[in-house]
Amino acid sequence: KRIILVGPPGCGKGTQSPILKEEHCLCHLATGDMLRAAVAAKTSLGLTAKEAMEKGELVSDDLVIAIIEEAIKRPSCEKGFILDGFPRTVTQAEKLDAMLQQRGTKVEKVLNFDIEDSILEERITGRWIHSASGRSYHTKFAPPKVPGIDDITGEPLIQRKDDNADVLRSRLEAFHKQTQPVIDHYIGKGVVVNLHAEKPPPEVTAEIQKVLA
Ligand code: AP5
Ligand code: ZN
């Protein structure tokens, strides 16, 4: 399966991805996670991406396209993948379509996490993540067993630098201006399915399972 998860910051892409990945043995490619790892490791990619990310703006198309181009060639992604946070511009979408066409495949489903902006601030400001694994928690909606500690490794949780109300406004603006046209692009191809992303996580999971069954 070749699936895209699309939706605004905090809509639940990263929460649903691990479940999908397990059930369908897919590779999970999250450009945001990959970029954050590069920033943490201070690679040249990370140093280039850092400023835009902290401002809540998109990183250049060339950078993220190169990351994805390399990733989808991996043998582990041969069976299929979940793209989380990519494509985010029409240029990225067109490039992805061309890459897949070259390999004789295409995007099969675009899961559109439909949700109102007003719900997202509480989700974003309450999120805590385990940076090594990408696992995320929420102080109210998905609290860890011990506050501030990852359930599985016992390591401390952190908050993302861009997870504050101020930067969220820029991220939402980028979503509406640059990423909504990506959804329209795939609506034109007849592959978009809308999810009720305001519902609790298990209900969203059930909707996805129905679509992918
Ligand atoms: P990225 O990491 O992709 O961030 P994002 O799109 O803003 O999405 P989030 O990770 O914030 O949201 P999510 O949907 O994964 O939410 P989650 O499931 O964790 O990108 C970050 C930056 O990198 C961008 O701003 C840009 O600079 C750059 N970048 C990345 N990709 C790029 C690209 N392709 N091109 C250019 N630049 C790029 O949920 C959020 C919280 O809510 C959690 O605490 C969770 O526990 C809770 N929650 C989840 N679901 C529910 C629910 N149903 N009910 C209640 N609570 C819930
Ligand atoms: Zn995410």
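This is a predicted model: local features need pLDDT of at least 70, side-chain atom pairs count only at pLDDT 80 or more; totals for chains, interfaces and linings use all residues.

Biologist: Which residue of β4 stands opposite V6?

Modeller: V6 stands opposite N112 in β4. Residues are numbered from 1 along each chain as its sequence is written, and chains are lettered from A and ligands numbered from 1 in the order in which they are written.

Biologist: What makes β1 and β4 a pair of strands?

Modeller: Pairing requires that DSSP find at least two bridges between two strands.

Biologist: What makes β2 and β7 edge strands?

Modeller: The open sheet of five strands has the order β2-β3-β1-β4-β7, with parallel pairing. β2 (27–30) and β7 (192–196) each pair on one side only. As for the labels, strands are DSSP runs of E with at least two residues, helices are runs of H or I with at least four, and both are numbered from the N terminus.

Biologist: Why is β1 described as largely enclosed by the rest of the structure?

Modeller: Five of the five residues of β1 are buried, hence that description. A residue is buried if 20 or more other C-beta atoms, placed from the backbone, lie within 10 Å of its own, exposed if 12 or fewer do, and partly exposed in between. R2, I4 and V6 point one way from β1, while I3 and L5 point the other way. In a regular strand the side chains alternate between the two faces of the sheet.

Biologist: How do you know that A38 is buried?

Modeller: A38, in helix α2, has 21 C-beta neighbours inside 10 Å and therefore counts as buried. Leaving out residues up to four places away in sequence, A38 touches T43, L45, G46 and A49; contact means C-beta atoms within 7 Å.

Biologist: What does the largest nonpolar core contain?

Modeller: The largest nonpolar core has 36 residues, and L5, I82, L83, L111 and F113 have the most contacts inside it. Strand β1 (residues 2–6) gives the most to this core, with four residues. A core joins buried Ala, Val, Leu, Ile, Met, Phe, Trp, Tyr and Cys residues through C-beta atoms within 7 Å. Beyond four places in sequence, the contacts of I82 include I3, L5, L20 and L26.

Biologist: Which residues come nearest to ligand 1?

Modeller: Of the 34 residues around ligand 1, these are P9, G14, G32, G85 and R127; being near requires a C-beta atom within 6 Å. Elements that each supply at least two residues of this shell include α1 (13–24), α2 (31–40) and α8 (201–212).

How values were computed. Two residues are in contact if their C-beta atoms, placed from the backbone, lie within 7 Å.
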